[in-house]
Amino acid sequence: MAAERPPFSPVIALLTVSAVWDSQLNTALRDLGLTTRKYGLLAHVQATPGISFSELARRSQITVQTAHTAVRSLADDGLVADAMALAGAASDLRVTEKGAAALAEADARLARLDAALTAADRDLTQALEGLHEEPFRGAPPEHG
């Protein structure tokens, strides 16, 4: 007796696709000492030198404790430094030269995965890009 086919769930489909590509990105980053999460944290630190743990956690949607643990690992690997690493002082997180080099290589590897996903499914890529751009529609241009 054949099992009844479950109804399509866009949530489950997106989670499945996400898990596959997250695994591929983690594999691509492994020899750099990075995971998807560490890559994101390192990118936030590079984009905002001096960022606090609280802000880093907020932007990454993780707890401050998780941010501390991940950044400690990045620091142990020489990818991030805390210029204010004194008890009781506010942190001043910065990407080191080694961290900047790892991030540049990680960016290149991510670009290759992005190209592969786009080649495999242009419609999905365009739909995801539309979701990414939606919050910015109608927003005033940034001045820099």
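Helix H1 (residues 10-29) and H5 have axes that come within 10 Å of each other and cross at roughly 145 degrees. Here the axes are lines fitted to C-alpha atoms, for helices over the stretch in contact, and angles run from 0 to 180 degrees between N-to-C directions. Helices (H or I, at least four residues) and strands (E, at least two) are DSSP runs, numbered from the N terminus. The model is predicted, so to speak of local features takes a pLDDT of at least 70, side-chain atom pairs count only at pLDDT 80 or more, and totals for chains, interfaces and linings use all residues. Residues are numbered from 1 along each chain as its sequence is written, and side-chain values use heavy atoms, with hydrogens and water left out.

A crossing is called left-handed if the near helix is turned anticlockwise from the far one by less than a right angle, and right-handed if clockwise. On the H1 side, Trp21, Gln24, Leu25, Ala28 and Leu29 meet Ala106, Arg109, Leu110, Leu113, Ala116 and Leu117 of H5, where contact means heavy atoms within 4.5 Å. Sorted by type, the residues of this H1 and H5 contact come out as 9 nonpolar, 1 polar and 1 charged. For this sorting, Ala, Val, Leu, Ile, Met, Phe, Trp, Tyr, Cys and Pro count as nonpolar, Asp, Glu, Lys and Arg as charged, and the others, Gly among them, as polar.

The cut-offs here are under 20% relative accessible area for buried, over 50% for exposed, and partly exposed in between (1.4 Å probe, protein chains only). Not counting residues up to four places away in sequence, Arg109 touches Ala28, Leu29, Asp31 and Leu32. With Asp31 there is also a side-chain to side-chain polar contact of 2.5 Å. A polar contact is a pair of N or O atoms within 3.5 Å; within protein, one must be able to donate a hydrogen and the other to accept it, and residues adjacent in sequence count only if both atoms are side-chain atoms.

H2 and H5 pack at an angle of about 120 degrees, their axes 10 Å apart, and that makes H2 oblique to H5. The labels work like this: angles under 35 degrees count as roughly parallel, over 145 as roughly antiparallel, 65 to 115 as roughly perpendicular and the rest as oblique. H2 passes H5 in a left-handed crossing. Tyr39, Leu42, Ala43 and Gln46 in H2 are the ones that meet Gly99, Ala100, Leu103, Ala106, Asp107 and Leu110 in H5. This contact of H2 with H5 divides into 7 nonpolar, 2 polar and 1 charged residues.

Next comes H2 with H3. The axes of helix H2 (residues 36-47) and helix H3 (residues 53-60) come within 10 Å and cross at roughly 125 degrees, which makes H2 oblique to H3. The crossing of H2 past H3 is right-handed. Leu41, His44 and Val45 in H2 meet Leu56, Arg59 and Ser60 in H3, and the residues of that contact split into 3 nonpolar, 2 polar and 1 charged.

Within H3, two residues can be set side by side. Glu55 lies in this helix and counts as partly exposed, at 23% relative accessibility. The side chain of Glu55 makes a polar contact of 2.5 Å with that of Arg58 and another, of 2.8 Å, with the side chain of Arg59. Ala57 is also found in H3, but Ala57 is buried, with a relative accessible area of 2%. Leaving aside neighbours within four places in sequence, Ala57 is in contact with Ile62, Thr63, Val64 and Ala67.

Lastly, the loops. Gln61 belongs to the loop between H3 and helix H4 (64-76), and Gln61 is exposed, with a relative accessible area of 73%. Gln61 has a positive phi of about 55 degrees although it is not a glycine. Asp77 is in the loop between H4 and strand S1 (80-82) and is partly exposed, with a relative accessible area of 33%. Apart from its neighbours within four places in sequence, Asp77 is in contact with Gly33 and Lys98.
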